[in-house]
Amino acid sequence: MITNTNCKVKKTCRLCDSYNLKKVIDLKSTPLANSFLSKNDLNKKESFYPLKVNYCSNCDHLQLSHSISEKKVFDKYLYLTDTGGQNIEHFKKYALDLSNRIKEKKKIKILDIASNDGTFLKFFDNRKFNRLGVDPAKNLSIYARKKGIKQLTLYFNYNSSKFIKSNYGTFDLISANHVCAHIDDLSDFIHGVKNLLKIDGIFSFEVSYLVDVLNKKTFDIIYHEHVDYHSLKPLVNFFKKFELEIFDFKTVEAQGGSIRIFVSHKGSRKLNKKKINDQILLEKKKYNFFKFSTYTNFENTIKRTKNILKKTLIKIKKQNKKIAGYGAPAKTTTLLNYFNIGNKIIDFIVDDNKLKQGRYTPGTRIPIFDSKELYTKKPDYVILLAWNYSNFIINKHKKFFKTKGRFLIPFPKIKIIKKQSEKINI
């Protein structure tokens, strides 16, 4: 069932406001990525929304063609930052990186936007850092409180920034990790950031990087929460509109490959100009980000991947083997629905996030259990749907090999792991 409720067509570019948008990828229609079903929901019809990607020929930015109401997507959220150990280690190192960039100050105020369960802020010593989180999901604030983090339940924008400013002042550090790709009106969001950022402050954010999406063929990162797919060049030009500037960046392995951007008020920090220009040149010459054909070719690659993966899974099922999935991240919804891989192919999924256990995947309705079920149900194969954590998952479940089970990694190339000693490149 396709419905347009809470859904609107985006006619202008989210970064430059141009009307020069062209469709480059069409993944048909899917449910919302995190709309996992309870048992009672199985009798209800689900809402499906168009999942198409546009390329802006004016500023070279890649983005979704439709926007879904933020309240529909984020009011109740089932993703927890501290579910995976690999994720926790990433944020620990990230916090150290940010702390080192502003270590000359004795007392530092930090605001984390979309702070989720407070994991990132937990790594900032509260004796030196005055910590504040904001997140729209009411169900997540209890997890932040348990970590000793003060967290406001609100949507961040320019209007809410005025409320924050009047109650908490301005900030030395503002972070927004894997949220800037979720914002339909990014200009309003950045206007709010500027309002709260001290004159010598740093705004740091991470987003999935197009280099990794294209190189690893990770089309499953495309889902309705992710309205933007970022490269460096369009962002550099975007921040100039606000008298802000990107003064540095760093590529990191988080979320299958991301870019961490550091922003300041114009002229307040030393600009790492050569590093930035060299990366933009790579985006143009090596990765061909600024060509329409790059993305239409990527759509063809997705279709080939779909055929290969589905044939592999069907072949396994014909041998009367049991297939489980590991991980029910949001990206799973795109993969399973576009590839039409449902509960007749994957018998069940396991996930370490307790909020998803006992639920069913959107659209494909595969049941989700605790990872302990790998050892009671004993599947023959486990497809790593949380493929970006493949090393961590396999290391955590070494004993699964003793059951003669095998792990199947879908990206960037299908690989079946029969023993722990096999090399994994993600």
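Predicted model: local features only at pLDDT ≥ 70, side-chain atom pairs only at ≥ 80, totals over all residues.
Me: What angle does α11 make with β2?
Reply: Two helices pack on this sheet, so to speak, from α10 onwards: α10 (residues 292-318) touches β2, β3 and β4 (62-64), and its direction makes about 20 degrees with that of β2 (contact means heavy atoms within 4.5 Å; axes are lines fitted to C-alpha atoms, for helices over the stretch in contact, with angles from 0 to 180 degrees between N-to-C directions). Helix α11 (residues 331-338) touches β2 and β3. For α11, the angle with β2 is about 80 degrees.

Me: Which strands are at the edges of the four-stranded sheet?
Reply: This open sheet runs in the order β2-β3-β4-β11, with antiparallel pairing. An edge strand pairs on one side only, and here that goes for β2 (21-30) and β11 (228-229).

Me: Why is one side of β8 and of β12 left without a neighbour in the sheet?
Reply: Their open sheet has seven strands in the order β8-β7-β6-β9-β10-β13-β12, with mixed pairing. β8 (151-153) and β12 (244-252) stand at its edges, so one side of each has no neighbour, as each has a single partner strand.

Me: What is the bridge partner of Val-207 in β13?
Reply: Let's look at the pair of strands first. β10 (residues 197-208) and β13 (residues 258-265) pair in the antiparallel sense over six bridges. In β13, the partner of Val-207 is Ile-259.

Me: How far apart are the axes of α8 and α9?
Reply: Helix α8 (residues 232-240) packs against helix α9 (residues 273-285) at an angle of about 130 degrees. The distance between their axes is 9 Å.

Me: Which residues of α9 make the contact with α8?
Reply: From α8, the contact uses Leu-232, Lys-233 and Val-236. By class, the contact has four nonpolar, one polar and two charged residues (Ala, Val, Leu, Ile, Met, Phe, Trp, Tyr, Cys and Pro count as nonpolar, Asp, Glu, Lys and Arg as charged, the others, Gly among them, as polar). On the α9 side it's Ile-276, Gln-279, Ile-280 and Glu-283.

Me: What volume does the largest cavity have?
Reply: A cavity is a set of points on a 1 Å grid over the protein atoms alone where a 1.4 Å probe fits but cannot get out; a pocket is an open set with protein on both sides within 12 Å along at least five of seven lines, and lining residues have an atom within 4 Å of a point. Points join across faces, edges and corners, and volume is the space filled by probe spheres set on them. The largest cavity is lined by residues including Ser-208, Tyr-209, Asp-212 and Trp-387, and by class its lining has four nonpolar, five polar and one charged. Its volume is about 40 Å³.

Me: Which helix gives the largest share of the second largest cavity's lining?
Reply: That cavity holds about 30 Å³ of space, and its lining has eight nonpolar, no polar and no charged residues. Among them are Ile-25, Leu-62, Tyr-229 and Phe-298. The largest share, three residues, comes from helix α7 (residues 210-215).

Me: Which lining residues are closest to the centre of the second largest pocket?
Reply: This pocket has a volume of about 500 Å³. It is lined by 21 residues: eight nonpolar, five polar and eight charged. The closest to its centre are Asn-34, Ser-35, Phe-36, Leu-37 and Lys-72.

Definitions and conventions
Residues numbered from 1 in each chain as written. Heavy atoms only, no water. Pairing = 2+ DSSP bridges.
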